[in-house]
Amino acid sequence: MAVDAFNLVLHIDIFIAALVTVFALSTLPRALARFSSAAEWRHGHILRSIRLGSGRLRGLRTQISNKGGPQDLAPSNEKGLSPQVAGPSSSGHGYLPDGAMSEESHTFASHANLLRHASVRTLASVSKLPPHVRGWSAVLPQVGGFLRHRLDAGFSLGQGLILGLYTAILVYASFLESNPFEDTARMGIVAMSQIPIVFVLGSKNNIVGMCVGMGYEKLNYIHRFAGVMIFLLSNFHGLGYIYKWTFQGVFTAKMRVTSNRMALVALVALDVLFFFSTSFWRRKAYNIFFTVHLVCFAVFLPMVYAHEHATLPYIIAGAAAYGFDRILRLLKTRIFNARIRPIPDLSLTRIDIPALNAGWRAGQHVRIRVLSSAMGLVGWTEAHPFTIASIAKTPEGLVLMCKNVGGWTNRLYELAKVAGYGREDGDESRTVTVMLDGPYGGTGHSVFASFSAAMFVVGGSGITFALSTIQDLIQRDSEDSSRVKLIELIWCIQDPSALNPLIPLFSSLIQQSTRTPLRISVHYTRAADTPPAKDILPPGVTLTAGRPRIAKVLDAVIARAVSYGSGVKAYMDITGVVVGVCGPVGIGDEVSEAVSAVDPGRRWAVGGIEIHEETFGW
């Protein structure tokens, strides 16, 4: 009995959906733990503007106006608040040296709201701590280390196994009781059945990512691979018929059939799409890549339907996934006025949107368009992703730091540079209109505040991820809703001068971390013309030449997390170490290797080690 090809591919798609469901169910305990907090339902989904409470604003003014040294805290009042918590500054920034302006620390608002106050822990405060559920990589560390093993830069064995399983499923469907040299139609049917998968995983708001707690960028490698499989299967299908008809001498006659001509057009569109989807075009000419994507799919789908009407359900499913994504992106889109200004030492442009102050989680990113003719003929239409460098619900609002890495960011930097020329008030910023789409990505179901220790390893502009997450941990600690006992930050930069603009902010964050000690290690890899002046560094910040010894630092963090049992957090259980990575692919690979090399006994003693990676590139 011959196999019904359309029935077969339907069952194959159902099987793939079942595998996704199993994976989603495995993340359910962490999802329930995360959403047990009402705040998690309000943040990380839609950007919005809120009115900050008058109590918080009054508190800010009080903290800013009072005098007192950072280490000389006054006794707590009946509300557990210390009135002497911040030294005054013209910028409203606690702990800044005299004369330091907010522009020097790259914040327009005070971080005094993050200051923690001496208080006595109560049962009520204990109940505010986030529940901790270990991830599978911590529960089964040997399996986690095996799956993290790198097969190539930025590509793990676990990812390879997923793609291998997907390939095996499609090969099974293609060859089951079928000779591909005689029945090339099967290949085409299998290829078309994967259209919904390509569309779902290629969208910014995809159901798979929502179910498994991953951002679209984490699943994009499957989207690209599924596209490659459609390309290969479709070409095997099409070229097989072309060869057979040519060999039989009936090619011209077959091309007179309308459905066959439509199939040839669809195949050409797919091949063009594949060519312009290679890494070269994605990295060097994203606009061409994106435009070709839209045009070719607009041609491909109707031609496929005209060739074979039975593919309609898959085309509709793909179109529905695309439509769902566009509707959500429309709901997530916001238009605001923003201030932009250059930060020469960091070679980036800072974007401030004070009016947009809520709706995101630390570590998430947005896609931004700068609606200005100065961005070029098509530059104002381009959307680029940047990690949010600030935390929600502060007067500072949403802050982005856009590193100069290409034509669009260079034009933005030049636009910001000319802003202050000729200004008598000394203001170096310029107001532009921006369109934001997001937030996206982030730490998923992993709640950093539920771990005993947090370590961050970032490179270059990846510091934005660490800054937002560290500020979030400090704020949560001030609200008695963090288990983190210590924070370690390693920042890798090329030129030591890049540290200068962030010294005031680093100093402020360190002095705010009275219950959660923060240490910052900056490593530079390029020889400086003049040796950096280390005497200006505040306590807790070190500057070192050469690459960091990540394994050694991680070992020290584990030791401190295990031994840190005194003071206000002595009662807390040890719930593991989370390592956040953001930067070039090489940093992620190095951290993964260091985590996998940790002794099993030490890993068990600290409660497990988990990694969250945010890497640059396509």
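Q: Which side chain meets that of Arg350 in a salt bridge?

A: Side chains of opposite charge can pair when their charged atoms come close. In this predicted model, the side chain of Arg350 meets that of Glu396 in a salt bridge, with 3.2 Å from N to O. Arg350 belongs to strand β4 (residues 348–353), while Glu396 sits in the loop between β6 (384–387) and β7 (398–403), so the pair ties together parts that are 46 residues apart in sequence.

Q: Are Arg350 and Glu396 buried or exposed, and what is the relative accessibility of each?

A: A residue is called buried when its relative accessible area is under 20%. Arg350 has a relative accessibility of 1% and therefore counts as buried. Glu396 is buried as well, because its relative accessible area is 6%.

Q: How many salt bridges does a search of the whole structure find?

A: The search finds 21 salt bridges. One of them joins Glu610 to Arg30, whose closest N and O atoms are 2.9 Å apart. Glu610 is in strand β14 (residues 609–615) and Arg30 is in helix α2 (residues 28–34), so this pair ties together parts that are 580 residues apart in sequence. Both Glu610 and Arg30 are buried.

Q: What is the accessibility of Lys218 and Glu217, whose side chains meet in a salt bridge?

A: The bridge between Lys218 and Glu217 has an N to O distance of 3.4 Å. Lys218, at 25% relative accessibility, counts as partly exposed. Glu217, at 27%, also counts as partly exposed.

Q: Which residues are linked in a network of salt bridges?

A: Such a network links Arg34, Glu40, Arg361, Asp472 and Arg476.

Q: How may a helix be read, and what span should helix α22 have?

A: The length of a helix can be checked against its number of residues. Helix α22 (residues 550–563) has 14 residues and should span 20 Å at 1.5 Å a residue; its end C-alpha atoms are 20 Å apart, which agrees.

Q: Which residues of α22 are buried, and where do they lie around the axis?

A: An α-helix has 3.6 residues a turn, so residues three or four places apart point the same way. In α22, the buried residues are Ile550, Leu554, Val557, Ile558 and Ala561. Viewed down the axis of α22, the buried residues fall within an arc of 100°, so they line one face of the helix. Lys552 and Ser563, on the other side of α22, are exposed.

Q: What covers the buried residues of α22?

A: The covering elements include the strands β9 (453–459), β10 (486–493), β13 (577–583) and β14, together with the helices α23 (585–596) and α24 (600–606).

Technical notes. Residues are numbered from 1 along each chain as its sequence is written. This is a predicted model: local features need pLDDT of at least 70, side-chain atom pairs count only at pLDDT 80 or more; totals for chains, interfaces and linings use all residues. Side-chain values use heavy atoms; hydrogens and water are left out. A salt bridge is a side-chain nitrogen of Lys or Arg within 4 Å of a carboxyl oxygen of Asp or Glu. Helices (H or I, at least four residues) and strands (E, at least two) are DSSP runs, numbered from the N terminus. Buried means under 20% relative accessible area, exposed over 50%, partly exposed in between (1.4 Å probe, protein chains only). The expected span of a helix is 1.5 Å times one less than its number of residues. The arc is that of the directions from the helix axis to the C-beta atoms. Contact means heavy atoms within 4.5 Å.
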